[in-house]
Amino acid sequence: MHSGTMPLPLGGGPAPDSARSTNVAAEPTTKPTTKPTTEPTTTGTTTAPETVAAKRRRERSPAATLPVARVCVDVNLPHLDRLFDYLVPADADEVAQPGVRVRVRFAGQLLDGILLDRVAESEHGGRLAYLEKVVSPERVLTPEVAQLARAVADRYAGTLADVLRLALPPRHARAEKKAGRGADGSNDPATATAAAAGAGWVAYPAGVALLRALADGRDPRAVWTALPGEPWPARIAEAAVAARRSGRGVLVVVADARDLDRVDAALTIALAEEDKRSSHVALSAALGPEERYLRFLRALRGEVSVVAGTRAAAFAPVRDLGLVVMWDDGDDLYAEPRAPYPHAREVLLTRAHLAGAGVLIGGFGRTAEAQQLVESGWAKEIAADRETVRSRAPHVSAIADDGRDAQAATARMPTIAWRAARDALAAGAPVLVQVPRRGYLPAVACAACRAPARCVHCHGPLSLRSATGPATCRWCARAAAGWTCVQCGGRALRSAVVGARRTAEELGRVFPDVPVRTSGRDGVLASVPAEPSLVVATPGAEPIVAGAGADGYGAVLLLDTWALLTRADLRAGEETLRRWLAAAALARPAERGGRVIVIADGGLAPVQALVRFDPAWLAARDLAERRELRFPPAARIASVSGTPAAVAELLTVARLPDGAEVLGPVPAADGEERYLVRVPRGDGRRLADALHAGVGVRSARKSPDAVRIQIDPHELL
């Protein structure tokens, strides 16, 4: 009956251990971190339900075929990162298949787990406990995602259980009933006849070849630099249509819900002629647990062949995967904040490699990691020629803020920026103003001596939330109505950093007859009409110009650029250019009057790359510097942080690769310390294995205080 059962691959994971017939899993001296349940005692007579339950357990018999289940138990103990064997009861034989959720007895507790395989015999010589329950017959973990999860755990020195928590959404019983059984077919090339011809890719010399390779069932790998003003969701949808023509599935991952809405709409249009029913789903946490799980099930059951989503969708179950797409891979939202802290880009690249799928990484900018893929020959570059870029790009002017422009002091912008905004508004176009900081005055200083204003209670920085309210502390939120400068005794405050709301207020006074809109943390605008208005936005919240006559912004003003350029971060230049290009790409072409004004020194490398709209040049420059300095992606670096004693113990017990360089310690938050461990890129797996083994030793010893390990963290400095 089970000869055709497909086990879930583990990608070279550790050898499985077993659970014993005493209902206590192996490693009996180690208890999970949650509180054990109390077992009922037997004193003479027991209640009827307890007797029935005990009798049922005693009378259970194992399944006749493949009676041993190998289970990944959901425990937070690194030294138990392996599979445990349980017997499959005969009455659960049909539903206990690889990929289902189960409940098992482990160290005296009833815990969740995922059944990964069914085998005939266990390597454990003793007696085995039975599975307590098959939670649902739904096989939520596919063989492909199981293999990916094991590979990601190994790459990031994590555990399989940790990765599976990221990969699988919580079960929702009502969604399973609502979904029914659905269609269970594969992608049919004969039905993939969408009309989208990919005409937009003609502007890129290698674009048409990419679509042809996808339609032919090949696995091209490309890094795409989008043209200014490019409707990138439509280009992604055209690539998805091409991959579907070969009968394969597509996975698209974007950074946030706003980008997902745009991709969802583009896919709806591009795939509309393929099926009367929807042929794609969009996954995001904003959907709510029931709707998100319902859409997850549609992808799992093969009802749709294209899945789009945010970070967690990198693990979505897509059948016959032929293409993975990521837009704007430099966005910090792709860095997972939960252990083992994988980056969605690395998850997708690993998945494409394991599945033999194509890869398309696109953006207006380019990261050093994407440049590494191009320079290594693993991926091909897709970019327009310089003549096409110049015809699509707005005119970019760099103006140094040297303090000599009187207009800048009163209008928050130099004269040339004010004129560009005035001319664009007069031409009937909206103007975009990008301000790096949100709020009103996020930082204030003494008006007399310019010393930073700090709270008298916690010494946190003071800020002003409005023009009339008192200063408040950004740390403890206490009001500082009677503030006095400890340096000079002054009582007046001045702005040290100007936020988006204060900028909008000042621009409203300069252009009194023009509506001013803000887009940021308090409310993100998806789009604005193609009419005169000032749009003040923080980076990443810039709305597009939509509606009748939409042709982009007439002018884009990039203010307070020092806040981005002076960040103490390895990626400061790369991140600054990424945010500038995202805003500048929304402007009209220069031949139609589009202008971009950046208030920064024109000699800086990110400014030069912006003026030329050449992110590949800056990415190649950054990558060369990182090779020289031995920083990722040219090397592998692990960040190890925790209490001094815990980190010291880990570095002592971990058998680091030969030549590993330990840097630190440096102070971290809450009295902790942080070390960096650096190895050549080729030793990355050995470093991860060594740190995982070291954490396992500490876990087995029950050492106090956890240690946080991050491999190639997004924010390194």
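**Chatting through a predicted model**

Biologist: Which residues does Pro-529 touch, if we don't count residues up to four places away in sequence?

Modeller: With those sequence neighbours set aside, Pro-529 touches Pro-430, Arg-517, Val-545 and Ala-546. Please keep in mind that this is a predicted model, and that the values I quote are computed from it.

Biologist: Where is Pro-529 placed, and is it buried, partly exposed or exposed?

Modeller: Pro-529 belongs to strand E21, which covers residues 527-529, and with a relative accessibility of 30% it counts as partly exposed.

Biologist: Let me step back. How many helices and strands are there in the protein?

Modeller: The protein has 20 helices and 29 strands. Of its 717 residues, 54% are buried, and among the contacts with a separation of 6 or more, 75% are between residues 24 or more positions apart.

Biologist: Pick a pair of helices for me. How do H16 and H18 pack?

Modeller: Helix H16, residues 572-584, packs against helix H18, residues 615-629, at an angle of about 170°, and their axes are 10 Å apart. At that angle H16 is roughly antiparallel to H18, and the crossing of the two is left-handed.

Biologist: Which residues meet there?

Modeller: From H16 there are Gly-573, Glu-574, Leu-577 and Leu-581, and they meet Pro-615, Leu-618, Asp-622 and Arg-626 of H18. The residues of this contact divide into 4 nonpolar, 1 polar and 3 charged.

Biologist: New topic, cysteines. How many disulfides does the count come to?

Modeller: The count comes to 0 disulfides.

Biologist: What about Arg-478, where does it lie and what does it touch?

Modeller: Arg-478 lies in the loop between E18 and strand E19 (493-497), and its relative accessibility of 43% makes it partly exposed. Not counting residues up to four places away in sequence, Arg-478 touches His-457, Ala-471, Thr-472 and Cys-473. One of these, His-457, is 21 residues away along the chain, and its C-alpha atom is separated by 8.3 Å from that of Arg-478.

Biologist: Which loop holds Pro-470?

Modeller: Pro-470 sits in the loop that runs between strand E17 (462-463) and strand E18 (472-473), where it is partly exposed with a relative accessible area of 45%. Beyond its neighbours within four places in sequence, Pro-470 is in contact with Ser-463, Leu-464, Ala-479 and Ala-481. Pro-470 and Gly-482 are 12 residues apart in sequence, and 8.8 Å apart from C-alpha to C-alpha.

Biologist: Last one, His-714. Is it buried or exposed, and what is it in contact with?

Modeller: His-714 is found in the segment after strand E29 (708-711), and it is buried, with a relative accessible area of 15%. Once its neighbours within four places in sequence are left aside, it is in contact with Gly-330, Asp-332, Ala-335, His-343 and Arg-571.

Terms used. Residues numbered from 1 in each chain as written. Predicted model: local features only at pLDDT ≥ 70, side-chain atom pairs only at ≥ 80, totals over all residues. Heavy atoms only, no water. Helix = DSSP H or I, 4+ residues; strand = E, 2+ residues; numbered from the N terminus. Buried < 20%, exposed > 50% of the residue type's maximum accessible area, 1.4 Å probe, protein only. Contact = heavy atoms within 4.5 Å. Disulfide = S-S within 2.5 Å. Axes fitted to C-alpha atoms, helices over the stretch in contact; angles between N-to-C directions. Parallel < 35°, antiparallel > 145°, perpendicular 65-115°, else oblique. Left-handed = near helix turned anticlockwise from the far one by under 90°. Nonpolar A, V, L, I, M, F, W, Y, C, P; charged D, E, K, R; others polar.
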